[in-house]
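This briefing is meant to be read with the model open beside it.

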Amino acid sequence: MLRPGLLAAPLAALVVAGCAFDRSGIAGDGGTTAPDADPTTPDADPTAPDADPTAPDAADCVSWPAVNVTPCDDALPAPAGLAIGTGRHRYDTSTGVLTAPGGATSTPPSVIMAQPDGPDVRVLVVTTLDVAADGGLTVEGEHPLLVVVHGDATIAGLIDVSARRDNDGDGLAGPGAGAAACAPAEVLDGEPSTGLGGGGGAGGGGYGEDGGDGGDGHGMNHGDKGAKGPKNGNDTIEPLRGGCRGGDGGDDGDVLGGDGGGVGGEAGGAIEITALGTITVSGTIAAGGLGGAAASQVRGGGGGGGTGGAILLDGEDVSITAAAALCANGGGGGEGGQLGIALSEDGHDATCDEARAPGGAVQTDGGDGGAGGAAGGMTRKGESGDNGAAEAGGGGGGGSSGKIRARGRGSRSIASGAVVSPPAAM
Ligand SMILES: [Ca+2]
Ligand SMILES: [Ca+2]
């Protein structure tokens with residue numbers, strides 16, 4: 001979906017380099033900050049034991065006031081370099097396993113960490129992070145991903161924490177999306193028809209802003225709309241978590257057995273990159289939501305769109321170049337069902353630009369889905385779905401945009417040509 005060309009190259013060039021510094025307290029260096037008198041001279045004895053193993057080793061780890069993590073926390077493993085080369089790599093936050101395009105796996109240093117009032121997060125600890133221009137990293141799994149970088153991070157290619165679809169087209173939430181802080185999905189579901197009217201369209205998910213309401217079904221004993229998901233969380237993205245799912249559309253009143261409401265769209269996941277040094281983005285970081293499905297039976301209600309997720313960049317200096325794209329947009333709502341052979345349209349999945357993902361809108365009477373949230377201002381909200389007509393189902397509401405924060409402790413620059421949707425908080 002996003003710049004597919006850069007994902008097509010088959011070759012992997014993954015480098016997991018050795019540790020650039022040591023938190024275990026090896027003796028020998030006169031001082032880690034002092035320059036070597038002769039840089040080519042090896043350390044006296046890197047295997048020598050500590051003079052005092054109980055002494056703290058804080059001096060070996062240079063910390064910084066990071067968001068959502070303490071960089072020199074004893075619970076974190078020692079870092080290694082991480083370079084994502086050509087082709088699409090996958091990182092699973094549930095297992096901590098990185099899979100290269102050819103299928104080779106590795107396990108970069110990481111740990112699962114609890115967050116106050118948020119989901120457990122996968123913390124990946126690296127000396128430097130580099131994503132090559134023709135490289136891509138798709139992040140999946142249960143937990144949000146927090147990358148602690150004891151140096152600089154350079155993102156020239158793609159990092160994708162969006163919700164995605166499996167081979168059957170079924171939605172999968174982005175990493176760390178759908179946390180308990182989101183409104184219960186039941187609140188957003190469209191009501192089923194209790195007769196021959198249409199089912200209600202579902203509410204779109206809310207996160208960075210409010211989602212869109214669903215549209216009412218039409219006719220006798222129709223189902224009412226599902227309510228929009230509310231804005232929630234905070235602009236600083238503390239704790240780190242992804243977005244919120246759209247509701248499910250209401251059934252047709254079981255004129256046809258089984259559930260004929262459209263399934264809600266899954267939400268984008270969450271990534272934080274916190275660096276001691278500079279974070280430079282000239283590539284793409286995407287955290288998009290999926291569109292809600294169209295009604296699967298005549299008169300069913302459309303599903304609500306999922307919200308965008310969360311992108312948090314926290315560096316001494318943060319530089320977003322004109323070529324960069326940071327996107328956490330919401331998915332569109334699914335269209336309601338109507339009598340006749342025409343199929344309703346699914347809400348569109350979010351794309352990484354400033355355009356709103358359209359709702360499903362191909363039938364006359366089935367209520368159109370609302371657009372997803374994108375860009376700035378009021379368009380961050382999900383758009384409401386339309387009511388059905390002629391006993392048709394209502395459309396699903398669009399999912400709102402998620403959250404983006406770019407925090408430069410020393411400096412922050414965002415070039416005017418860059419795509420940042422929604423706009424980045426400080
Ligand atoms: Ca049914
Ligand atoms: Ca329509």
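In this predicted model, strand β9 (residues 153-155) runs parallel to strand β14 (residues 278-281), and three bridges join the two.

**Overall make-up**

- The secondary structure of the protein chain comes to one helix and 19 strands.
- The protein chain has 426 residues, of which 58% count as buried.
- When contacts between residues at least 6 apart in sequence are considered, 75% of them join residues that are at least 24 apart.

**The eight-stranded sheet**

- Eight strands form an open sheet with mixed pairing, and their order across the sheet is β4-β3-β2-β7-β10-β15-β17-β19.
- The edges of this sheet are β4 (105-106) and β19 (419-421), each of which pairs on one side only.
- Inside the order given above, strand β7 (residues 135-140) and strand β10 (residues 158-160) are paired in the parallel sense over three bridges, with Leu137 standing opposite Ile159 in β10.

**The hairpin of β5 and β6**

- Strand β5 (residues 110-115) and strand β6 (residues 118-131) pair in the antiparallel sense over five bridges, and Val111 is found opposite Val123 in β6.
- Two residues lie between the strands of this hairpin, and Asp117 takes a positive phi near 60° there.

**Nonpolar cores**

- The largest nonpolar core holds 54 residues, and the members that touch the most other members are Ile271, Ile311 and Leu326.
- Strand β6 supplies the largest share of this core, with seven residues.
- Leaving aside residues up to four places away in sequence, Ile271 touches Val139, Pro144, Leu145, Ile159, Val161, Ile285, Ala287 and Ile311; Ile159 is also the residue that Leu137 stands opposite in β10.
- Another core, of 13 residues, lies apart from the largest one, and among its members are Ala163, Ala177, Ala227 and Ala267.

**A buried glycine in a loop**

- Gly399 has its place in the loop between β17 (325-327) and β18 (403-414).
- Gly399 counts as buried because 52 other C-beta atoms lie within 10 Å, whereas 20 or more would be enough for that class.
- Although Gly399 and Gly265 are 134 residues apart along the chain, their C-alpha atoms are separated by 8.2 Å.

**Backbone details toward the chain ends**

- In the segment before β1 (80-84) lies Asn68, which has a positive phi of about 70° although it is not a glycine.
- Asn68 counts as buried because there are 22 C-beta neighbours inside 10 Å.
- The peptide bond from Ser421 to Pro422 is cis, with omega near 0°, and Pro422 lies in the segment after β19.

**Confidence in the model**

- The mean pLDDT of the protein chain is 88, and 85% of its residues reach 70 or more.
- Over residues 1-58 pLDDT stays under 50, and for these residues the model has 81 contacts beyond four places in sequence.

Note on methods. Residues numbered from 1 in each chain as written. Chains lettered and ligands numbered in written order. Predicted model: local features only at pLDDT ≥ 70, side-chain atom pairs only at ≥ 80, totals over all residues. Pairing = 2+ DSSP bridges. Helix = DSSP H or I, 4+ residues; strand = E, 2+ residues; numbered from the N terminus. Buried ≥ 20, exposed ≤ 12 C-beta atoms within 10 Å, placed from the backbone. Contact = placed C-beta atoms within 7 Å. Core = buried A, V, L, I, M, F, W, Y, C linked by C-beta atoms within 7 Å. pLDDT = per-residue confidence, 0-100.
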